[in-house]
Amino acid sequence: MKGNLTSCLSKRCVTADGFSRGFLSINFQLPGPEIQVCKNDIIVVDIFNEADGISTSIHWHGMKQIGTQFNDGVPYLTQCPIHFNSQFRYIFRANDVGTHFYHSHAGNQKADGLHGVLIVREPIEDNKIASFYDFDLPQHLILATDWMHEFSDNYLPVISKRSALTEAMLINGRGRFMNENLEYSNTPIPVFYVQSGKKFRFRLINSATNVCPYQLQIESHNFTVIATELSYVEPFVANTLNYLSGERYDIVIDAILPIRDYWIRIRET
């Protein structure tokens with residue numbers, strides 16, 4: 001299962017786990033484009049549906065949409081679905097500080113690639129735990145999801161066994177698949193850089209379809225949990241985090257160990 005890693009990094013090249021399959025995308029990206037804004041910014045997103053025969057909508061997971069309920073993105077509840085060759089504009093104010101994500105709320109389209117990151121930051125003077133870390137960098141995002149080798153409609157909702165739903169796991173749209181010969185696909189995986197002696201805030205998002213929890217660990221490291229969903233929490237130290245589909249956590253990693261590569265592990269439990 002060899003490949004050219006250089007080509008995998010080309011623009012609009014979606015590698016996922018290296019297995020060839022169809023998928024749904026926003027702007028030819030997996031996951032979709034990141035949205036990172038500040039509190040009280042106005043978010044304007046135009047969705048033009050070019051997927052022939054498919055209707056869609058986008059839900060902004062974690063945003064309360066107070067006063068803008070018709071932008072919540074739930075078809076037949078807050079809006080009509082966006083039909084093929086049609087356009088819809090979402091516009092709402094980023095009032096809810098925290099780590100969020102967006103995803104299709106039509107059928108199982110989230111599982112086929114229609115999801116992405118949404119981050120709302122507050123002014124530094126309003127951040128009650130800013131002293132717990134040195135950096136909150138845009139690239140320190142870990143969006144985890146399960147991945148199948150067929151469109152999800154071939155599995156769901158009839159089949160619900162874990163083994164049928166997950167053939168690989170992706171972090172930020174990249175992962176590796178192991179075949180029956182115990183060979184791994186030669187695909188790139190995400191790499192996160194930190195500076196020795198500094199503390200970094202990482203934002204974790206579980207965008208899985210499967211209902212089984214994810215378990216995250218960082219090789220040789222403890223980390224400090226500082227926030228979940230929309231709320232800061234009393235910081236506590238852990239070496240393992242279990243979190244369900246749709247949940248988000250913010251953690252702080254203290255880069256005090258010797259300089260080398262450390263694996264970030266996520267598995268289903």
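The model is predicted, so local features need pLDDT of at least 70 and side-chain atom pairs count only at pLDDT 80 or more, while totals for chains, interfaces and linings use all residues. Residues are numbered from 1 along each chain as its sequence is written, and side-chain values use heavy atoms, with hydrogens and water left out. Helices (H or I, at least four residues) and strands (E, at least two) are DSSP runs, numbered from the N terminus.

**Nonpolar cores**

- A nonpolar core here is a set of buried Ala, Val, Leu, Ile, Met, Phe, Trp, Tyr and Cys residues joined through side-chain atoms within 4.5 Å; buried means under 20% relative accessible area, exposed over 50%, and partly exposed in between (1.4 Å probe, protein chains only).
- The largest nonpolar core has 19 residues, and those touching the most other members are Leu204, Leu216, Phe223, Tyr243, Ile251 and Ile266.
- Two or more residues of this core come from each of strands E7 (141-147), E9 (199-206), E10 (214-218), E11 (223-228), E13 (241-243) and E14 (248-254).
- A second, separate core has 18 residues, among them Val45, Ile47, Ile82 and Tyr102.
- As background, nonpolar side chains tend to be buried together in soluble globular proteins.
- Contact means heavy atoms within 4.5 Å. Leaving aside neighbours within four places in sequence, Ile266 has contacts that include Ile142, Ala144, Met169, Ile171 and Tyr243.

**An open sheet**

- The strand order in this open sheet of 4 strands is E1-E6-E5-E3, with mixed pairing; two strands pair if DSSP finds at least two bridges between them.
- E1 and strand E3 (58-61) are the edge strands, each pairing on one side only.
- From one strand to the next, the twist averages 20°; axes are lines fitted to C-alpha atoms, and angles run from 0 to 180 degrees between N-to-C directions.
- The pairing of E1 with strand E6 (residues 115-121) is parallel and has 4 bridges; within E6, Arg121 is the bridge partner of Cys38.

**The largest pocket**

- On a 1 Å grid over the protein atoms alone, a pocket is an open set of points where a 1.4 Å probe fits, with protein on both sides within 12 Å along at least five of seven lines; lining residues have an atom within 4 Å of a point.
- The largest pocket has a volume of about 1300 Å³, where volume is the space filled by probe spheres set on the points.
- It is lined by 40 residues, and Ile189, Pro190, Tyr262, Trp263 and Ile264 are the closest to its centre.
- At least two lining residues each come from helix H2 (162-165), strand E8 (168-171) and strand E15 (264-268).

**Loops and backbone**

- Most residues other than glycine have a negative phi, and most peptide bonds are trans.
- The peptide bond from Leu30 to Pro31 is cis, with omega near -10°; Pro31 lies in the loop between helix H1 (5-8) and E1.
- Asn85 is not a glycine, yet has a positive phi of about 65°; Asn85 is exposed, with a relative accessible area of 51%.
- Glu229, also not a glycine, has a positive phi of about 55° and is partly exposed at 28% relative accessible area.
- Tyr193 sits in the loop between E8 and E9 and is exposed, with a relative accessible area of 66%.
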